[in-house]
Structure formats: C-alpha cells, structure tokens
Amino acid sequence: MLWVDKYRPKTLDNITAHQHIAQNLKKLVTEQDCPHLLFYGPPGSGKKTLIMALLRQMFGPTAEKVKVENKTWKVDAGSRTLDIELTTLSSTNHVELNPSDAGFQDRYIVQEIIKEMAKNRPIDTKGKKGFKVLVLNEVDKLSREAQHSLRRTMEKYSAYCRLILCCNSSSKVTEAIRSRCLNVRINAPTEEEIVKVLELIGKKEGLQLPSGFAALIAEKSNRSLRRAILSFETCRVQQYPFTSKQVISSMDWEEYVAEIASDIMKEQSPKRLFQVRGKLYELLVNCIPPEIILKRLLYELLKKLDAELKHEVCHWAAYYEHRMRLGQKAIFHIEAFVAKFMSIYKSFLIATFG
Amino acid sequence: MAPLLQSSQPWVEKYRPKQVKDVAHQDEVVRVLTNTLETTNCPHMLFYGPPGTGKTTTALAIAHQLFGPELYKSRVLELNASDDRGINVVRTKIKSFAAVAVGSGQRQGGYPCPPYKIIILDEADSMTEDAQNALRRTMETYSKVTRFFFICNYISRIIEPLASRCAKFRFKPLSEEIMTTRILHICNEEGLNLDAEALSTLSSISQGDLRRAITYLQSAARLFGSSISSKDLISVSGVVPQEVVEAFLIACKSGDFDLANKEVNNVIAEGYPVSQMLSQLLEVVVEADDISDEQKARICKKLGEADKCLVDGADEYLQLLDVAGNTMRALCNMPQEFSYEC
C-alpha cells in the first residue's frame with residue numbers, strides 16, 4: 001500500500017493538518033444538525049480525507065466498505081433516450097460520484113440520476129440515521145444549467161438527503177448553491193505542517209531522517225501534502241539511508257516541461273517551434289491537462305526571465321489560457337503562447353544586444 | 001435522525017415576517033399594503049430591489065393575510081426561477097390559473113378574502129422576453145379575477161409594457177441600524193452571544209442583505225457554538241481577510257514581481273475564492289487615497305477583464321497573476337503598453 005493511503009487519517013480525531021476544522025465538523029455531527037456542505041481548497045490539501053473521516057463519524061466503520069459500480073443509466077431527454085455511463089462508489093449510507101464526467105450531459109445526471117438517488121429514502125430498523133449522503137466531486141466543473149438544477153434538488157429532498165460537494169475553486173460554483181451550503185475552506189497545509197506529518201510517517205516506518213530533509217521535501221511539494229508524501233516514498237525507494245544532499249526528483253512530466261522551456265529559451269525559430277509542438281503533443285497524449293502544462297511552462301520560463309519581461313509573459317499566459325478554455329483544441333493555444341513568447345523574447349534580445 | 005430536529009430549519013424561514021407590518025424598513029410599501037388589507041383593493045404590483053430586502057417576504061405575507069391558510073392554496077400561484085417558466089408555461093399553466101373565476105368576497109375566518117387570485121412571479125427578471133410578452137394580454141384580460149405580483153432584482157430586465165401595467169415599489173437596502181435590531185432579536189431567541197465588533201462585521205460583510213446576514217449567523221452558530229466572534233463570521237462567509245488583500249496590494253506597490261508572485265501563490269494555496277478577492281481588491285483600490293485617478297482606472301479596467309475571464313472558467317492563478325502584474329505596472333507608473341509586443 002502506498003504511504004499516502006496507509007497513513008491517511010481515518011477518523012476526525014486523528015487528523016493532523018486541519019484540527020480545528022475537524023473538531024468543528026465533529027461538533028456538527030454530534031449535534032445531529034448537519035447542513036449541506038461545500039468543501040473547497042487547492043489539490044492535496046485534504047478535502048477527501050476530511051470527507052471520508054466525516055462519513056465515518058456519521059455512519060461508523062460501514063462507511064469504509066465501499067463498492068465500485070459502473071452502471072449505464074437510461075435517461076429520457078424529451079424526444080430521445082440517452083445512455084449515460086457513470087461510475088459510482090457506494091456504501092450502505094453514502095454514494096460518491098463525479099457528475100462532471102458526463103461532459104455536456106451533466107445536466108441529465110443532476111436532474112435525473114441524482115434526483116432519483118436523493119428520492120430513495122434509506123430504511124433503518126431503529127429509525128435512526130434515516131438519511132443518506134451524496135458526495136459530489138468536482139462541482140466546479142459542472143455546467144451552469146446543471147448547477148441551477150441542483151439547487152432545486154437540494155431544497156426539495158433536504159429532509160433525508162445531505163449533499164457534500166467538493167471542488168477546487170468556489171468562484172466557479174454559483175452563488176445560489178454556495179448560499180445553501182455551509183462553506184468549508186480547506187487551505188493547503190503549511191510547510192511546517194507537512195514537515196510534521198513527514199516526520200511522523202518516518203517515525204512509524206522506523207526511518208532515520210537527517211535534519212532538514214523533511215523540510216527539503218516540503219519545500220519542493222508546493223504545499224501539497226499528497227505530493228510530499230509521494231515524493232518522500234520515492235526517495236525511500238531510491239536511496240536509503242537518506243542524506244541531506246539527496247536529490248529529490250520531480251515528476252517526469254515536469255522535467256519534460258523544463259526541457260521544453262530551455263529549448264524555447266535557446267532558439268526562437270519556426271523550426272524550434274515545430275520541435276516544441278512535437279513535445280507538447282507528447283505531454284498531451286500522456287493525459288497531462290493542458291492548463292497544467294501551460295502553468296508549469298510559465299513557471300519554468302519565469303525563473304529564467306528578466307523582471308521587465310515577466311509582466312508581459314504573464315499577461316499572455318493568462319490570455320491564452322482563457323482562450324483555451326473557450327476554444328476546443330488545447331494544442332493551438334499552448335503553441336500560440338509559445339510562439340508569442342518566442343517573438344517577445346526575440347525582440348527583447350534584439351533590443352538589448354542588437 | 002428520521003424526524004429532523006426543529007433546529008435544522010433555516011433561520012431565514014423561521015424568522016421570516018408573517019405579517020406585512022413586520023417587514024422592516026420599507027415604510028412606503030407597508031403603508032400601501034396595509035391600506036390594501038383594509039379596502040381589499042389591489043393593483044398589479046412590481047417589487048424590485050437588491051437581494052435580501054424583503055420582497056418575497058412582503059408578497060407572501062400579503063397573500064397570507066388576504067386569504068388565510070385555508071384558501072391560500074387555491075387562490076395563490078407561486079412560481080420562481082427553479083420552476084420551468086418558458087413561454088409554454090405562461091400560455092398554459094399561468095393562463096389557465098388566471099382564467100378561473102372565484103366566488104364573490106365574503107369574509108372567512110377573519111380574512112378579507114377579496115374576489116381575485118394572486119399570481120406571484122418570483123425572480124421575474126430571469127424570465128425570457130418572449131415569456132414576458134406573452135403575459136401582457138393575459139394580465140389585462142383577466143385583471144378582474146387575477147392580480148400579478150412581479151418580484152425582481154433588476155427592473156431594467158422587465159419589459160416596459162409589463163412595468164407600466166404595475167404599481168412599482170423599490171425596496172431599499174436595509175440600514176445598519178435596522179439590521180442590528182433584527183439580528184439581535186434572533187440572537188436573543190436562539191440564545192447566542194454576539195459582541196459589538198462581531199455585530200458590525202456582520203453588517204459590513206452582508207452589505208444590507210438581511211438574508212445573507214442570517215445565513216452567515218446560522219452557519220457560524222452551527223460551527224462555533226453560542227458565542228461568535230467576528231473572526232468566526234469572516235471564516236464562514238468566505239470573505240477574504242483584509243490583511244490578505246492588503247498584503248497583496250503592498251506586494252504590488254513594491255514593484256518586485258517575484259514578491260507579487262509569491263503573494264498570489266499564497267492566496268491560491270489558502271484557497272480563497274479569486275472572484276471574491278477581486279471584488280474586495282476593487283473596494284480597497286477605489287477607496288485608497290494614495291492612488292491617482294489614472295492608476296485607479298487602469299487597475300479597474302484590468303479587474304473587469306479578469307472577472308469576465310473567471311466567469312468563462314479561466315484559471316484562477318493565471319488571472320490573479322495577470323491582475324497583479326497590471327496593478328504593479330499601474331502603481332509604479334510603468335507604461336501600459338508592453339514594450340516588446342509586435
């Protein structure tokens with residue numbers, strides 16, 4: 001088992017990084033007055049861990065016995081019927097799903113499937129806990145229509161169905177939904193908190209940590225706890241005992257992007273652009289999301305640039321990312337950004353060195 | 001938890017005024033409507049104003065007071081944005097409801113029960129223009145037996161022919177004073193402890209929207225128990241703390257791009273919603289004394305663009321970084337145009 005899963009806190013009491021939030025959630029559950037919840041925060045900050053621990057607090061250990069189901073739903077959409085495939089993770093008391101997987105058909109998932117699930121009231125012999133929980137991931141990727149349909153569902157079935165929504169940025173969730181939920185902001189753990197967790201894992205695994213080593217990993221992790229633990233484990237595999245000068249390798253694709261960045265800096269010509277395009281395709285084919293590529297590329301380029309160029313490059317990165325969101329094919333826009341950068345950089349070089 | 005506890009009812013519903021005279025701060029409307037209650041004479045109405053000022057509450061209250069609980073179901077049709085209100089609904093559902101005649105007015109159980117029905121169209125500004133046009137003739141034809149109440153935030157989105165058929169009432173944002181008394185009343189009922197600082201924070205973050213204030217109050221009470229500080233309120237409301245906005249602006253003023261970048265990274269890692277950040281930034285920039293008008297204009301222009309991009313779904317980090325870059329250029333009097341663009 002990966003350390004990330006092995007040392008994932010199982011109960012609200014064991015949570016290390018967001019103790020005050022965990023305590024507040026616990027209070028909510030014990031008071032039996034649980035509203036709809038909306039968790040938001042950057043990736044790797046612990047949203048999912050908190051949600052799982054919360055479910056366990058609500059339903060006891062049964063919440064962990066989940067089964068994966070892949071079901072095709074027949075949805076009646078006016079004149080025709082649609083087949084929508086959806087993967088769900090469910091236990092006796094909760095169902096977890098990812099409605100944005102259906103792409104532009106997400107509206108039907110919300111209107112039909114979620115409504116159907118919300119309607120069915122779970123039966124419990126003791127007359128206790130007669131409510132179920134729906135966990136929806138990535139609500140920020142839902143379309144506007146789907147979000148509007150959701151708000152009616154939230155009100156209508158609120159007596160026996162609680163929604164737990166989970167997303168990265170709450171700006172993309174409509175005000176109407178936000179105002180119906182208790183919003184819980186999960187911030188990324190600070191580097192000190194990451195160090196603490198890493199040291200704890202090291203102790204449990206019986207590893208010798210040289211001083212400053214955990215801090216080094218934490219610094220590289222970009223405040224994502226998941227990433228920190230993963231790279232900690234990678235280091236363990238690569239070389240043990242640790243030395244404080246050990247190289248903490250970054251991900252393959254990140255090195256690849258760094259390579260692209262240095263290619264671009266070295267030569268600005270149509271020929272080089274062609275080569276870069278090949279590399280970008282390579283990344284896209286390996287399912288690295290285009291906006292992440294663009295962001296990483298910007299990060300790498302900013303490291304090497306003069307201050308006066310940074311503003312300009314940032315502006316164009318934001319500009320092309322926006323266009324990418326509106327458009328269909330990501331490669332056009334990433335390439336356009338590369339071309340723009342080349343032209344700016346070239347004229348900068350000419351202006352400076354003649 | 002099968003029978004849900006009473007406390008899970010939203011306070012917004014629990015403390016909704018049941019009678020027209022209890023509606024706070026909207027004297028004009030209340031005066032006209034109390035008059036209506038006596039004479040049972042009522043024109044078509046159009047209520048408009050910002051959210052959380054009591055428009056829906058007033059409409060529901062007058063309907064309840066006119067008809068009482070027994071007749072309410074048969075005499076009042078309530079439609080809001082979550083119901084389908086396309087042109088078909090106007091042509092079928094609304095028209096057929098409007099067409100039914102009702103018995104002459106005899107008082108029942110102490111309620112006036114005037115001889116007409118009421119159709120309440122909540123959030124009417126989200127109706128399509130076609131649907132609104134379809135209503136025009138319906139309103140006139142059945143005006144003997146049906147009164148329409150339109151409720152909307154933006155009167156400009158109601159087509160002129162509809163607006164001219166109604167008596168218009170503007171609902172004002174609630175003053176801080178009235179808000180405070182309302183909130184204190186709820187605190188007393190619920191047994192909450194709220195100090196003066198928290199109270200003023202609550203009024204300022206809710207900006208005259210009583211519903212929002214009550215929702216925040218309830219969330220905070222659920223999370224933090226009976227004594228609530230202003231920090232708790234800020235944390236449930238999703239407002240970015242003032243220090244963060246200020247640190248961002250200071251970083252921009254310094255003219256050091258890497259410092260600004262670090263600040264942007266910090267905002268994203270802390271998980272603050274960038275759209276909220278932008279609107280708070282706007283507030284700070286507009287009110288700042290040490291920024292010239294031209295600089296303000298440049299910053300505001302960029303903020304507008306970034307907001308639009310965010311609505312389109314653009315990446316938060318990149319947009320905020322772009323805003324930071326532009327703000328910095330404006331504050332440090334660097335030229336607006338980029339030097340190497342061709």
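**Close-up views of a predicted model**

**View 1. Helix H2 of chain A passes helix H3 of chain A in a right-handed crossing.** A crossing is right-handed if the near helix is turned clockwise from the far one by less than a right angle, and left-handed if anticlockwise. H2(A) and H3(A) (residues 47-59) pack at an angle of about 30 degrees, with their axes 10 Å apart. H2(A) is therefore roughly parallel to H3(A) (angles under 35 degrees count as roughly parallel, over 145 as roughly antiparallel, 65 to 115 as roughly perpendicular and the rest as oblique). Ile21(A), Ala22(A), Leu25(A), Lys26(A) and Val29(A) of H2(A) make the contact with Leu50(A), Leu54(A), Gln57(A) and Met58(A) of H3(A) (contact means heavy atoms within 4.5 Å). By class, these residues are 7 nonpolar, 1 polar and 1 charged.

The model is predicted: local features need pLDDT of at least 70, side-chain atom pairs count only at pLDDT 80 or more, and totals for chains, interfaces and linings use all residues. Residues are numbered from 1 along each chain as its sequence is written, chains are lettered from A and ligands numbered from 1 in the order in which they are written, and side-chain values use heavy atoms, with hydrogens and water left out.

**View 2. Helices H12 and H14 of chain A pack at an angle of about 15 degrees.** The axes of H12(A) (residues 290-304) and H14(A) (residues 330-353) lie 10 Å apart. The pair is therefore roughly parallel, and H12(A) passes H14(A) in a right-handed crossing. From H12(A), Pro290(A), Ile293(A), Leu294(A), Leu297(A), Leu298(A) and Leu301(A) meet Ala330(A), Ile334(A), Phe337(A), Val338(A) and Phe341(A) in H14(A). The contact has 11 nonpolar, no polar and no charged residues.

**View 3. The second largest pocket holds about 640 Å³ of space.** Of its 23 lining residues, His20(A), Ile21(A), Arg185(A), Lys231(B) and Ser235(B) are the closest to its centre. At least two lining residues each come from H2 (19-30) and strand S7 (182-185) of chain A and from helices H9 (210-224) and H10 (230-237) of chain B. H10(B) gives the largest share, 5 residues. The lining of this pocket has 10 nonpolar, 7 polar and 6 charged residues.

**View 4. The largest cavity has about 40 Å³ of space.** A search of the whole structure finds 1 cavity of 30 Å³ or more. The largest cavity is lined by His36(A), Ala118(A), Thr153(A), Met154(A), Tyr157(A), Ser158(A), Cys161(A) and Leu163(A). Helix H5 (144-156) and strand S6 (161-167) of chain A each supply at least two of the lining residues.

**Terms.** Axes are lines fitted to C-alpha atoms, for helices over the stretch in contact, and angles run from 0 to 180 degrees between N-to-C directions. Helices (H or I, at least four residues) and strands (E, at least two) are DSSP runs, numbered from the N terminus. Ala, Val, Leu, Ile, Met, Phe, Trp, Tyr, Cys and Pro count as nonpolar, Asp, Glu, Lys and Arg as charged, and the others, Gly among them, as polar. On a 1 Å grid over the protein atoms alone, a cavity is a set of points where a 1.4 Å probe fits but cannot get out, a pocket is an open set with protein on both sides within 12 Å along at least five of seven lines, and lining residues have an atom within 4 Å of a point. Grid points are joined across faces, edges and corners, and a volume is the space filled by probe spheres set on the points.
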